[in-house]
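Here is a short report for a reader meeting this structure for the first time.

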Amino acid sequence: MDHSFYIITWTDVFVSLSLVALSLALIKWWRIGLEKTILIGTIRAFIQLTIMGYVLTYFFGQNHWLFMVGLIIIMILIASYEATRRLDIPIKGYFAITAFSTMVTVIIVLGTILQFILDVEPWFYPYAMIPIAGMIIGNGLNSATLTTNRLVAELEHREDEIETLLSLGAPPRAAADGSIRESIRAALIPNINGLMLVGIVQIPGVMTGQIIAGVDPLIAVRYQIMIMYMWLTTATLANILTQGLVYKKFFTPLQQLKKDLFR
């Protein structure tokens, strides 16, 4: 079957602006007041994604492992910086913690996918390495940041309980154990819900894009299953590694809770 008609031209992209125009008209009609924000967002999305397209075209043209590894390290550092900025409270050393946790997660998950699932040659094949690494880094850091913010709330909520345990001789890890487990459990709920609902009430974006591009639905399904499993593992690894290190920042060398961090 000829799928050439699925190729989207720049003219088609501009035609799609009619959908944005419909949204703006409805928002203006209901006097919601988001017209300017949506207009700016629409323009920014167009410019940013267009630039990304040209940048990725250049990156995909590079075929050296050192370039690919360096690019992923830069992606991790930038994402870790953004994750640090999104914390509800400043945590000393959080940038280093997230960078380390993400690096370990990328090595384990990306290495498994490239070498044992996709079996790409060479292992640094840009068309596989860059997009998959981007998904791992983004998903892992988003989940880890949400978990850290939840951990802060849990530690504050259980402040009296934690101090009681510490006074009875419990080490910080044992005193914070309930908060750590609850924060990780809460952060994994979206991933678990995704596993439960996918294919029943939801067709994921990656699978939809592949089908529109003409890929056999059964092949698209296999890719989507792999990605769903990848997201769950990424979130789990990133959360456990991050929280296993970050909880220590809430205790003094004398094993006392730093209550001033909650104020």
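## Helix H7 and its buried side

Helix H7 covers residues 159-167, and Glu159, Ile162 and Leu166 are buried there. Buried means under 20% relative accessible area, exposed over 50%, and partly exposed in between (1.4 Å probe, protein chains only). Asp160 and Ser167 are exposed, on the face of H7 turned away from its buried side.

What covers the buried residues of H7? The cover includes helix H6 (126-157), helix H8 (172-175) and helix H9 (177-197). Just after H7, Gly169 takes a positive phi of about 100°.

## Basis of the model

This is a predicted model: local features need pLDDT of at least 70, side-chain atom pairs count only at pLDDT 80 or more, and totals for chains, interfaces and linings use all residues. Residues are numbered from 1 along each chain as its sequence is written, and side-chain values use heavy atoms, with hydrogens and water left out.

## The overall fold

The protein has 11 helices and 0 strands. Helices (H or I, at least four residues) and strands (E, at least two) are DSSP runs, numbered from the N terminus. The C-alpha atoms fill a box of roughly 70 × 55 × 35 Å, taken along the principal axes.

Of the 263 residues, 33% count as buried. Among contacts with a separation of 6 or more, 72% join residues 24 or more positions apart. Contact means heavy atoms within 4.5 Å.

## H6 against H11

Two packed helices are described by the angle between their axes and the distance between the axes. H6 and H11 pack at about 45°, with axes 8 Å apart. H6 is therefore oblique to H11. Axes are lines fitted to C-alpha atoms, for helices over the stretch in contact, and angles run from 0 to 180 degrees between N-to-C directions. Angles under 35 degrees count as roughly parallel, over 145 as roughly antiparallel, 65 to 115 as roughly perpendicular and the rest as oblique.

The crossing of H6 and H11 is right-handed. A crossing is right-handed if the near helix is turned clockwise from the far one by less than a right angle, and left-handed if anticlockwise. H6 residues at this meeting include Asn139, Gly140 and Ala144, and those of H11 include Trp231, Ala235 and Thr242.

## H5 against H6

Helix H5 (residues 94-117) also meets H6: their axes come within 9 Å and cross at roughly 140°. H5 and H6 are therefore oblique to each other. H5 passes H6 in a right-handed crossing. Among the residues that meet are Tyr94, Thr98 and Val109 in H5, and Ile132, Ala144 and Thr148 in H6.

## Two residues up close

Asn139 is found in helix H6. Its side chain reaches the backbone oxygen of Trp231 at 3.0 Å. Not counting residues up to four places away in sequence, Asn139 touches Asn191, Trp231, Thr234 and Ala235.

Thr242 lies in helix H11 (residues 217-246). Is Thr242 buried or exposed? Thr242 counts as buried because its relative accessibility is 1%. Its side chain makes a polar contact with the side chain of Ser101 (3.3 Å). A polar contact is a pair of N or O atoms within 3.5 Å; within protein, one must be able to donate a hydrogen and the other to accept it, and residues adjacent in sequence count only if both atoms are side-chain atoms. Leaving aside neighbours within four places in sequence, Thr242 is in contact with Tyr94, Ile97, Ser101, Ala144 and Thr148.
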